[in-house]
Amino acid sequence: MGRVMGGMAEVRSEGAWIHADDGRRFLDFGGYGVFILGHRHPDVVEAVHRQIDTHPLASRVFLEPVAARAAEALAAHTPPGLDYVHFVNSGAEATEAALKLARAHGRTSVITTRKGFHGKTLGALSVTANATYQTPFQPLLPDVTQVEYDDPADLEQALAARRDRACVVVEPVQGEGGVRIPRPGYLGRVADLCRAYGALLVVDEIQTGMGRLGTWWGVDAEGVRPDILLTGKGLSGGVVPIAAMTATAEAYAPFGRDPYLHTSTFGASPIACAAALATVGVMEREDTVARAAALGERILTGVRAACAPYEGGLVREVRGRGLLIGIEFTEDQAVGELLLEMIARGVLVNHSLNSTRVLRLTPPAVVEDTALDLFLTTLAEALRSTAARMAG
Ligand SMILES: Cc1ncc(COP(=O)(O)O)c(C=O)c1O
């Protein structure tokens with residue numbers, strides 16, 4: 001893969017830029033959704049430096065204040081009632097924690113959505129609806145049902161057959177599924193159905209949360225309060241990996257009753273929690289959420305204009321919310337071609353793991369005007385040469 005992408009190694013980063021070992025620099029509009037604050041935000045880096053100099057990893061015997069402060073800071077922004085925070089080291093681990101918590105409540109039947117992505121560890125993979133990733137590792141968790149995304153009737157049918165024993169895992173916008181934005185009201189309907197059929201609702205905001213959609217959380221748009229909300233990626237500040245499962249008091253109770261029920265040596269490490277705490281602080285001070293909303297609109301408008309000449313041909317649709325933007329093509333091959341054209345011109349973008357025809361943009365909220373212009377010019381050029389190559 002390294003050779004296909006050009007063969008260079010990345011060695012340094014700051015803001016929206018990554019530097020390679022051959023002296024070139026790349027504008028990072030990819031990063032799989034991690035770099036909402038850009039690379040190496042100075043406040044996050046400083047907090048992590050300070051933590052390394054004082055107490056990077058904990059004994060796990062005593063109370064540790066940085067984890068507590070990070071949990072408090074995060075819970076101050078989660079929907080009301082989601083006050084319990086369980087820090088882990090990756091998004092997939094947050095999904096694992098949620099699946100186990102659901103089981104502890106007797107919710108052993110799991111409902112996920114087609115093209116949903118929730119991680120690749122065995123439990124998480126069981127709800128990541130992609131045969132390519134699942135098939136080599138079967139059998140996965142039993143009793144997992146896939147329903148159509150953005151289809152409350154399909155969900156209701158599955159729930160009706162599993163009254164009081166289901167757990168529903170859903171993304172507010174399917175990121176890896178190809179930036180699929182459901183119709184307004186979908187998430188609210190999912191929440192109502194979960195309540196009606198006694199199901200536990202897990203909303204996976206690992207990609208959509210932390211301001212990515214121009215709101216703190218995707219659920220904010222519909223005032224939905226899930227039982228469990230997963231976060232990761234941006235929570236790291238782009239500096240130290242960390243993710244979290246946040247839950248209501250009722251949902252969290254089994255883990256609260258026995259703190260050894262679900263543990264991880266490095267979970268809630270002071271060094272990662274220092275990064276998360278600093279990240280929430282930066283987001284408050286710099287109003288990252290509002291910036292993401294405003295910048296996202298500008299980028300979406302620009303991307304739509306660049307793609308307009310190809311609509312009805314190579315480009316099927318451009319869609320986005322906040323800083324999660326997808327370009328859907330009519331042919332699989334276009335994604336790879338365009339991605340390589342962009343890299344050759346100095347811009348990084350991503351494909352989508354669960355959708356072969358969608359190129360995905362997850363830029364930081366800190367893109368300067370000159371960088372935005374550069375991105376849009378590059379996109380227009382790369383589209384032109386991709387279209388020409390594919391026509392030829
Ligand atoms: C919605 C969602 N959930 C879970 C994950 C898994 O996170 P990680 O790769 O940190 O395990 C991802 C990663 O792309 C994701 O987009």
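Predicted model: local features only at pLDDT ≥ 70, side-chain atom pairs only at ≥ 80, totals over all residues.
Figure 1. Gly15 touches Gly38, His39 and Val366, leaving out residues up to four places away in sequence. Gly15 sits in the loop that joins β1 (10-14) to β2 (17-20). The residue counts as partly exposed, because Gly15 has 19 C-beta neighbours inside 10 Å, and a residue needs 20 or more to be buried. Pro142 is 127 residues from Gly15 along the chain, and the C-alpha atoms of the two are separated by 43 Å.

**Figure 2. Gly237 and its contacts.** Gly237 belongs to the loop between β9 (228-231) and β10 (243-247). Is Gly237 buried or exposed? Gly237 counts as buried, because it has 32 C-beta neighbours inside 10 Å. Apart from neighbours within four places in sequence, Gly237 is in contact with Leu37, His41, Val44, Ala275, Ala278 and Thr279. The C-alpha atoms of Gly237 and His39 are separated by 8.0 Å, although the two residues are 198 residues apart along the chain.

**Figure 3. The two domains and the side of domain 1 that touches domain 2.** Domain 1 is made of two stretches, 10-33 and 287-391, and domain 2 covers 42-285. Their C-alpha centres lie 27 Å apart. In the contact between them, 24 residues of domain 1 meet 22 residues of domain 2. On the domain 1 side, α10 (288-307), β11 (315-321), β12 and β15 each supply at least two residues. The largest share of that side, five residues, comes from α10. Sorted by class, the domain 1 side has nine nonpolar, ten polar and five charged residues.

**Figure 4. Helix α10 and its buried side.** The 20 residues of α10 should span 28 Å at 1.5 Å a residue, and this agrees with the 27 Å between its end C-alpha atoms. Which residues of α10 are buried? They are Thr288, Val289, Arg291, Ala292, Leu295, Gly296, Ile299, Val303, Ala306 and Cys307. These residues are on the same side of α10, because they cover an arc of only 130° around the axis. An α-helix has 3.6 residues a turn, so residues three or four places apart point the same way. The cover over the buried residues of α10 includes α9 (270-286), β11, β12 and α12.

**Figure 5. Helix α7 and what it packs against.** The buried residues of α7 (residues 186-196) are Leu187, Val190, Ala191 and Cys194. They lie on the same side of α7, because the arc they cover around the axis is only 100°. The elements they pack against are α6 (152-160), β7 (166-170) and β8 (200-204). Gly198 follows α7 and has a positive phi, near 65°.

**Figure 6. Helix α11 and its packing partners.** In α11 (residues 332-344), Ala334, Val335, Glu337, Leu338, Leu339, Glu341 and Met342 are buried. Glu337 and Glu341 are among these buried residues, and Glu counts as charged.

**Figure 7. The shell of residues around the ligand.** There are 15 residues around the ligand, and those that come nearest are Gly91, Ala92, Gly119, Ile206 and Gln207. Which helix gives the most to this shell? Helix α3 (residues 91-104) does, with three residues. The shell divides into four nonpolar, eight polar and three charged residues.

**Figure 8. Backbone angles at Tyr32, Asp287 and Pro139.** Most residues other than glycine have a negative phi, and most peptide bonds are trans. Tyr32 is not a glycine, yet its phi is positive, about 50°. Tyr32 is found in the loop between β3 (25-28) and α1 (42-54), and counts as partly exposed because it has 14 C-beta neighbours inside 10 Å. Asp287 likewise has a positive phi, near 50°. Asp287 is in the loop between α9 and α10, and is partly exposed, with 14 other C-beta atoms within 10 Å. The peptide bond from Gln138 to Pro139 is cis, with omega near 0°. Pro139 is placed in the loop between α5 (131-134) and β6 (144-147).

Notes
Residues numbered from 1 in each chain as written. Buried ≥ 20, exposed ≤ 12 C-beta atoms within 10 Å, placed from the backbone. Helix = DSSP H or I, 4+ residues; strand = E, 2+ residues; numbered from the N terminus. Contact = placed C-beta atoms within 7 Å. Near = placed C-beta within 6 Å. Domains from an automatic or database assignment. Expected span 1.5 Å × (residues − 1). Arc of directions from axis to C-beta.
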